[in-house]
Amino acid sequence: MGISEDTKELNSYINERVDIASVASFKGNEHIVKLKLKFDIKRIRKALDDIKAGAQFKTAASGFHALAMTKRKNSSIDADKDLVGRYYTRIDESYQEIAKDELVDEASFSELVDIFKGTYFETIYDELTARYPIGRVRILEKDSFNCNSWHRDPEPRLHIPIYTNPGSLFIVNHHCTHLPADGSVYFTDTRGYHTALNGGDKPRTHLVATLAYPEYEP
């Protein structure tokens, strides 16, 4: 194209209306789905605030903290090193996929950690396990101005946002959306490449439950 055509092309984009409203809401697709199941966000927050008074998050990665909600039978959570597990990523310009960390037997995480027993989280756990094959359940906290690696997991996940902000976003296979903290349960197909980012100035906290299906084979 010539100079005038290039200028006209760019102006056609400049004159488009910019969406600055819907980005503060949920916009799903087949990779990120709001399920019908919903919980009481006030009770979740109250239960978490009470638990945090007697429990400490462990740093799983830079800017990424985790509190185990489930554990293996007859196992101490202090002995478990499974706050993170197998994931796949690409690290250089070869775009060759590599595996990192060890596979986790998700189905073996079938007991609720004591500090969650008798709380609203036990109700949530009972409701989830009545419907779905649930593996590890963790409370994950992400620092402000921080993001996860670009990677894929062996299994999909369920997310229940507890504390969030408009700058907290979830991206799966290049589809990006905000997940409001209103008690909703979101299916996230993290078998695809994804990341979570917190571009807000306050921490983001989600309950994240692994769905214990067989590992996805591309």
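Buried means under 20% relative accessible area, exposed over 50%, and partly exposed in between, with a 1.4 Å probe and protein chains only. This is a predicted model, in which local features need pLDDT of at least 70 and side-chain atom pairs count only at pLDDT 80 or more, while totals for chains, interfaces and linings use all residues. Residues are numbered from 1 along each chain as its sequence is written, and side-chain values use heavy atoms, with hydrogens and water left out.

View 1. Helix α1 covers residues 3–14 and includes Ile-14; helices (H or I, at least four residues) and strands (E, at least two) are DSSP runs, numbered from the N terminus. Of the 12 residues of α1, the number buried is 0, so the helix lies largely in the open. The end C-alpha atoms of α1 are 17 Å apart, which agrees with the 16 Å that its 12 residues should span at 1.5 Å a residue, the expected span being 1.5 Å times one less than the number of residues. Ile-14 counts as exposed because its relative accessibility is 60%. Together, Leu-10, Tyr-13 and Ile-14 make a nonpolar surface patch of about 360 Å², where patches are made of residues with over 30% relative accessible area and no salt bridge, like charges being joined within 9 Å and nonpolar side chains (Val, Leu, Ile, Met, Phe, Trp, Tyr) within 5 Å. Accessible areas come from the Shrake-Rupley method with a 1.4 Å probe, and for residues only the protein chains shown count as cover.

**View 2. The largest nonpolar core.** Phe-121, Ile-139 and Leu-207 touch the most other members among the 30 residues of the largest nonpolar core, a nonpolar core being a set of buried Ala, Val, Leu, Ile, Met, Phe, Trp, Tyr and Cys residues joined through side-chain atoms within 4.5 Å. At least two residues of this core are supplied by each of α2 (41–52), α3 (120–131), β8 (134–142), β11 (157–163), β14 (184–188) and β16 (204–211). Leaving aside neighbours within four places in sequence, Leu-207 is in contact with residues including Met-69, Phe-121, Ile-139 and Ile-162, where contact means heavy atoms within 4.5 Å.

**View 3. Arg-138 in strand β8.** Arg-138 is found in strand β8 and is buried, with a relative accessible area of 7%. Not counting residues up to four places away in sequence, Arg-138 touches Leu-67, Met-69, Leu-83, Val-84, Arg-157, His-206, Leu-207, Val-208 and Thr-210.

View 4. Lys-46 and Asp-50 meet through their side chains in one of them (2.7 Å, N to O); being 4 residues apart in helix α2, they are separated by about one helical turn. The side chains of Lys-52 and Glu-141 meet in another (3.6 Å, N to O). This pair links distant parts of the chain, with Lys-52 in helix α2 and Glu-141 in strand β8, 89 residues apart. Lys-52 counts as partly exposed at 37% relative accessibility, whereas Glu-141 counts as buried at 14%.

View 5. Asp-114 forms a salt bridge with Lys-117, the closest N and O atoms being 3.2 Å apart. Asp-114 is exposed, with a relative accessible area of 54%, and Lys-117 counts as partly exposed at 46% relative accessibility. Asp-153, Glu-155 and Arg-157 are linked in a network of salt bridges.

Technical notes:
Salt bridge = Lys/Arg side-chain N within 4 Å of Asp/Glu carboxyl O.
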